[in-house]
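These are my notebook entries on a single chain. I looked up the core, then the strand pairing, then the overall figures.

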Amino acid sequence: MPDCAAKHWARSLEGEDGQIFIAECEGLVVGFLTVAMANESYSFAQPLCFGRVGSVSVSGQGIGAELMQLAHKWVAERGGHEVRLNVWAFNQAAHRQYAEL
């Protein structure tokens with residue numbers, strides 16, 4: 001694994017402000033999602049605590065929706081008010097999937 005990739009995943013695994021959810025089926029990993037807590041203090045209103053999804057990889061069958069539900073619950077338990085996710089403009093399949101959530 002390249003060093004930059006190892007550092008990326010290590011940040012997702014370390015500390016209490018991040019979490020990785022892994023979906024398994026018959027002993028095989030069929031999806032995962034990373035989420036981390038974030039604070040936005042430059043808001044015009046009040047500071048906002050939220051969860052930011054960093055990575056999602058799923059093989060279909062509603063797994064992404066289940067992982068997102070886990071992320072929403074995890075963020076809410078830590079005082080977060082919403083979950084945010086950025087998707088590349090060219091990734092139309094992801095846009096359709098997340099629009100359903």
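Entry 1, the core. I looked up the largest nonpolar core, which has 15 residues. I took such a core as a set of buried Ala, Val, Leu, Ile, Met, Phe, Trp, Tyr and Cys residues joined through side-chain atoms within 4.5 Å. Buried here means under 20% relative accessible area, exposed over 50%, and partly exposed in between, with a 1.4 Å probe and protein chains only. The members that touch the most others are Phe21, Leu33, Val35, Val53, Leu67, Trp74 and Val75. Two or more residues each come from strand 1 (18-25), strand 2 (28-40), strand 3 (48-58) and helix 2. Helix 2 supplies the largest share, six residues. Helices (H or I, at least four residues) and strands (E, at least two) are DSSP runs, numbered from the N terminus.

The model is predicted: local features need pLDDT of at least 70 and side-chain atom pairs count only at pLDDT 80 or more, while totals for chains, interfaces and linings use all residues. Residues are numbered from 1 along each chain as its sequence is written, and side-chain values use heavy atoms, with hydrogens and water left out.

I noted a mean pLDDT (the predictor's confidence in each residue, from 0 to 100) of 81 for the chain, with 79% of its residues at 70 or more. Confidence is lowest in helix 1 (residues 3-13), at a mean of 65, and highest in helix 2 (residues 63-77), at 91.

Which residues does Leu67 touch, not counting residues up to four places away in sequence? I found Phe21, Ile22, Ala23, Gly31, Phe32, Leu33 and Val58. Contact means heavy atoms within 4.5 Å.

The chain has three helices and four strands, and its elements run α-β-β-β-α-β-α from the N terminus on. I counted two strands as paired if DSSP finds at least two bridges between them. Strand 1 and strand 2 are antiparallel and share eight bridges; Ile20 stands opposite Thr34 of strand 2. Their hairpin has two residues between the strands, and Glu26 takes a positive phi near 55 degrees there. Strand 2 and strand 3 are also antiparallel, joined by 10 bridges, and Ala38 has Phe50 of strand 3 as its bridge partner. Strand 3 and strand 4 (residues 83-85) run parallel, with three bridges; Gly51 stands opposite Val83 of strand 4.

Strand 3, helix 2 and strand 4 form a right-handed β-α-β unit. Right-handed means that, with the strands pointing away from the viewer, the path from the first strand over the helix to the second runs clockwise.

I located Ala76 in helix 2. Ala76 counts as partly exposed because its relative accessibility is 48%.

Of the 101 residues, 29% count as buried. Among contacts between residues at least 6 apart in sequence, 49% join residues at least 24 apart.
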